[in-house]
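This briefing summarises selected geometric features of a protein chain for computational work. The points after the display are grouped by topic.

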Amino acid sequence: MRAYPAAVVLSIAVVAACSSTATNSVISQPSVNTQSPVVATTMSVTCTNSTSDAANLQQAINSSPSGAAIEIKGGTCLLTRGINLLGNRTYIGANRTGTVLRQDGDMGYVLAADTYVNNSSATGQPLSISNLTVQCNGSGSTDGIIILNWQTDVHDVDVRDCGGSGIVDTNTTANGTAITNTSVNSRFENNFISNSGQYGFEVYDSRNSVTDGYLVDNQIASSGQDAIHLDNAAGWNISGNHLYGVAGNAIYASRLYGTTIYGNHIEDFGLGQNSGTWYGIVGTAQGGMGSTIFNNTIANNSGETAGAKYIYIAVTQTNYGTGYLSATGNIILASRSDDVGFFFNGGPNKLVVVSSGNKVASTGIVSRNARNVTETHGT
């Protein structure tokens, strides 16, 4: 499952600077270290809420050396075009409200990895984004942030009002070509993603590249489709997220394989839908490696609509071999007597489930099993 890109990870030292040009800062080493001091570069760019902001910001990024920190100042950056992010760099704002990157025009994305934009055949070098807001204008299918890098770190970022998805971690470039290696070990933490036209957070993976990531302690509100949508959930840790205002499924996690879905608080899902089947947590299983769904709380506080069906936790099939799942300690508070708490289906293959210590209330059907399911209460 886990494979590392053929790349060397360089240390990125973030150093505060007030200059509008590149500055070099010396970071002292411990006295026992006789090597030369490490020099880190900070590129500072000041936005002026004008149409020149996009060009100025892109120029600062393009002229920065590998390992640099791009410090974005000035309040609002008026972006008339999407910004391409080079790898092996840190992008940092003043704080969530102090640095706002605002969409001003038609574009496919507000921020995107240069490997995505330039149709690279391999994943990009690590990068970090923090302490800023991406403010879309709600038009078209604009994505907020598109990542095609391994060991990415996105934290303390707000992403708002994007017509597409808020944050996308992908293996596929702008022209639809998949990378030939892997893009693993990224972390998305303590972000607030709201009012996305499509998914709040999305993993788009046409092969088996975007695995072993962390989506932890985020708030995702008012998604037009799924709040969290993973084409490939292998090795992912999805924990501590607060999801609400979800028009689609709260968590969709395909290809469960060594996946952890833990401690998420889901207030609603399938909001306002008049037909179809909607899920709080739903996935498909891969054979050979088990996954866990535990200590989640799931409700539909905003109510449910006649004509639609609601299932709170489900695995809809095993894709190959024998799938293994542990579902324990979850609390489900349903809304209608025909709601289903748990639904398990192996489909053409086997699914072995341990289910214990769960609390299901206000639902007519606590658990339902379909084909090729073996369910026990553990040992």
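In this predicted model, ring pairs join F188, F201 and W236 into a cluster. The count of aromatic pairs in the structure comes to eight. One of them, F269 with Y310, is edge-to-face, because the ring centres are 5.9 Å apart and the planes stand at 65 degrees, over the 60 degrees that this class requires.

**Aromatic rings and a charge**

- F269 lies in the loop between β23 (265-266) and β24 (277-285), whereas Y310 belongs to strand β27 (residues 309-318), so their pairing ties together parts that are 41 residues apart in sequence.
- F269 is buried, its relative accessible area being 0%.
- Y310 also counts as buried, because its relative accessibility of 1% is under the 20% cut-off.
- The charged end of R187 is placed over the ring of Y214, at 4.9 Å from the ring centre.

- Most residues other than glycine have a negative phi.
- N190 is not a glycine, yet its phi is positive, at about 60 degrees.
- The loop between β13 (187-189) and β14 (192-194) contains N190.
- N190 is partly exposed, because its relative accessible area of 35% falls between the limits of 20% and 50%.
- N372 likewise has a positive phi, near 55 degrees, in a residue other than glycine.
- N372 is located in the loop between β33 (365-369) and β34 (373-376).
- With a relative accessibility of 39%, N372 counts as partly exposed.

- A94 is found in the loop that runs between β6 (89-92) and β7 (99-103).
- A94 counts as exposed, because its relative accessibility of 53% is over 50%.
- Leaving aside residues up to four places away in sequence, A94 touches I72, T99 and N131.
- A94 and S130 are 36 residues apart in sequence, and their C-alpha atoms are 9.0 Å apart in space.

**The chain as a whole**

- The chain has two helices and 34 strands.
- Of its 379 residues, 53% count as buried.
- Among the contacts in the chain with a separation of 6 or more, 72% are accounted for by residues 24 or more positions apart.
- The accessible surface of the chain comes to about 14700 Å², and carbon and sulfur atoms hold 48% of it.

Definitions and conventions: Residues are numbered from 1 along each chain as its sequence is written. This is a predicted model: local features need pLDDT of at least 70, side-chain atom pairs count only at pLDDT 80 or more; totals for chains, interfaces and linings use all residues. Side-chain values use heavy atoms; hydrogens and water are left out. Helices (H or I, at least four residues) and strands (E, at least two) are DSSP runs, numbered from the N terminus. Buried means under 20% relative accessible area, exposed over 50%, partly exposed in between (1.4 Å probe, protein chains only). Contact means heavy atoms within 4.5 Å. Accessible areas come from the Shrake-Rupley method with a 1.4 Å probe; for residues, only the protein chains shown count as cover. Rings of Phe, Tyr and Trp (its six-membered ring) pair if their centres lie within 6.5 Å; planes under 30 degrees apart count as stacked, over 60 as edge-to-face and the rest as tilted. A charge sits over a ring if NZ of Lys or CZ of Arg is within 6 Å of the ring centre and within 35 degrees of the ring normal.
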